[in-house]
Amino acid sequence: MQVVSTRGAGPVPLADAIAKGQAPDGGLFMPPLAARQAEPWGETLRARATSALEPFFAGDKLYDALPEIIADSFTFDAPTRWIEPDTALLELFWGPTAAFKDFGARFLANCLVRLREPNREQTVLVATSGDTGAAVAAAFHRRPGFRVAVLYPDGRVSPRQAHQLGAFGDNVTAYRVAGSFDDCQAMVKAAFADDALSEEHGLVSANSISLGRLLPQMSYYVHASLTAVAAGRGAANFVVPTGNLGNALACLLAREAGLPIGDVVLATNSNRVLPDFLSTGRYEPTTSLATLANAMDVGAPSNLERLRDRFSTPAEVVRADWVDDDDIRATIRRTYAQTDEVVCPHTACGLAVRERLRDAGDEQAWIVAATAHPAKFAEVVEPLVGAPTAIPPALAALLARPSHAWPLAPSTDALRIALRQA
Ligand SMILES: *Cc1c(COP(=O)(O)O)cnc(C)c1O
């Protein structure tokens, strides 16, 4: 299929949009309206992902490789686990870096590997507030022809996130920037805007606006909703912990494609731009606040432009609520006391919103997207539950490796020099 930018550029083939990341007019490439799928959808995550994504890739040069791309990317499952009769966690953290971003990052990498021009080195340049960088690094680790440069704000990611980012080595270089995430993002943007630098290093973007990350995230909503229906539970309602709105948008796209999905509610942390926008209709981006759910510390959600482009009245298709740090702590404690489940601070935002729905008289069952494994945020979670969190094997393997990150000043010149030295 051909895709068009939210600001009008295009149409371009989907594979080109995936290779480019951002549209040339500064907008975001929109996924086309997918034809509603006929049955059968298959049974497994991979089969269902293939059924869901095939219409988007129809006629594309990646079409024939799609089943293989999915098989190479989704080497782990996304189970739905009911922790109460009417509340489930959709566990999205069984990938190599223990957060949902593994789904999108691996799919994108497997597309870019197949799209790469032979004999041309490419550098994947990415700014991260914690989880994106590790997922992208893991996805491109030891891939011939690619190197990865990850920028993260020094001291503002969790200790395990920091260790993870520096633990890859080989073709991955981690930089700890003396600044904020916004500084990191500004440096990356400036690098991409510099044509000479871009050309010199074959810069490739892997940030969350890439369609190569957005589309595959539909897969686990497809899988979870069909699994809920097969279990006789009816259409699935989702609460999605939200920052840049990529994960939740994928859920809305799955519903649009005809999947049995009912209500969708966004849960943000104290960065309440989205709930405020949906209740007032006014969009007021700000600089982000630091919270316990650091991967959702976003003051200007990048995918909002897509939401507004697709749905003329966003408040009619999605609701949102926000959760402060005190409520995150209380929810982690309460969830552990009531269900024995240890959840990460992002998932706790989702569970807090789910609880408020119940308090407001809602009697539906809800599936909360569990976006990261709690072991990634042990320093927050363990004191609250008073017990150590079990570390999933993939994360344990990374944490057992030595870790190194280069210090970097928050300037584009510093980045330019660093890229030449790496
Ligand atoms: C990135 C991230 C989020 C936010 O996802 P968006 O797609 O940016 O809305 C939530 N939780 C975790 C653990 C994340 O890493």
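**Exercise 1. Describe the second largest pocket: its volume, its lining and the classes of its residues.**

Step 1. The second largest pocket holds about 300 Å³ of space. The model is a predicted one, in which local features need pLDDT of at least 70 and side-chain atom pairs count only at pLDDT 80 or more, while totals for chains, interfaces and linings use all residues. Residues are numbered from 1 along each chain as its sequence is written, and side-chain values use heavy atoms, with hydrogens and water left out.

Step 2. On a 1 Å grid over the protein atoms alone, a pocket is an open set of points with protein on both sides within 12 Å along at least five of seven lines, a cavity is a set where a 1.4 Å probe fits but cannot get out, and lining residues have an atom within 4 Å of a point. Points are joined across faces, edges and corners, and the volume is the space filled by probe spheres set on them.

Step 3. The lining of this pocket has 17 residues, and R156, A290, T291, N294 and D297 are the closest to its centre. Helices α7 (181-193) and α16 (378-385) each supply at least two lining residues; helices (H or I, at least four residues) and strands (E, at least two) are DSSP runs numbered from the N terminus.

Step 4. By class, this lining has seven nonpolar, six polar and four charged residues. Here Ala, Val, Leu, Ile, Met, Phe, Trp, Tyr, Cys and Pro count as nonpolar, Asp, Glu, Lys and Arg as charged, and the others, Gly among them, as polar.

**Exercise 2. How many cavities of 30 Å³ or more are there, and what lines the largest cavity?**

Step 1. The count comes to three cavities of 30 Å³ or more.

Step 2. The largest cavity has about 100 Å³ of space. Its lining includes I83, E84, R334, T335 and R358, and β4 (80-84), α14 (325-339) and α15 (345-359) each contribute at least two residues. The lining divides into two nonpolar, four polar and five charged residues.

Step 3. The second largest cavity has a volume of about 40 Å³. Among the residues that line it are T242, G243, M296 and P301. Its lining has five nonpolar, four polar and no charged residues.

**Exercise 3. Which residues come nearest to the ligand, and which backbone atoms lie by its oxygen atoms?**

Step 1. There are 14 residues around the ligand, and K101, D131, G243, N244 and T371 come nearest; a residue is near if one of its heavy atoms lies within 4 Å. The shell consists of five nonpolar, seven polar and two charged residues.

Step 2. A polar backbone atom of G243 is 2.7 Å from an oxygen atom of the ligand. For G246 the corresponding distance is 3.1 Å, and for a backbone N or O atom of N247 it is 2.9 Å.

Step 3. On its own the ligand has 390 Å² of accessible area, of which the protein covers 97%.

Terms used
A polar contact is a pair of N or O atoms within 3.5 Å; within protein, one must be able to donate a hydrogen and the other to accept it, and residues adjacent in sequence count only if both atoms are side-chain atoms. Accessible areas come from the Shrake-Rupley method with a 1.4 Å probe; for residues, only the protein chains shown count as cover.
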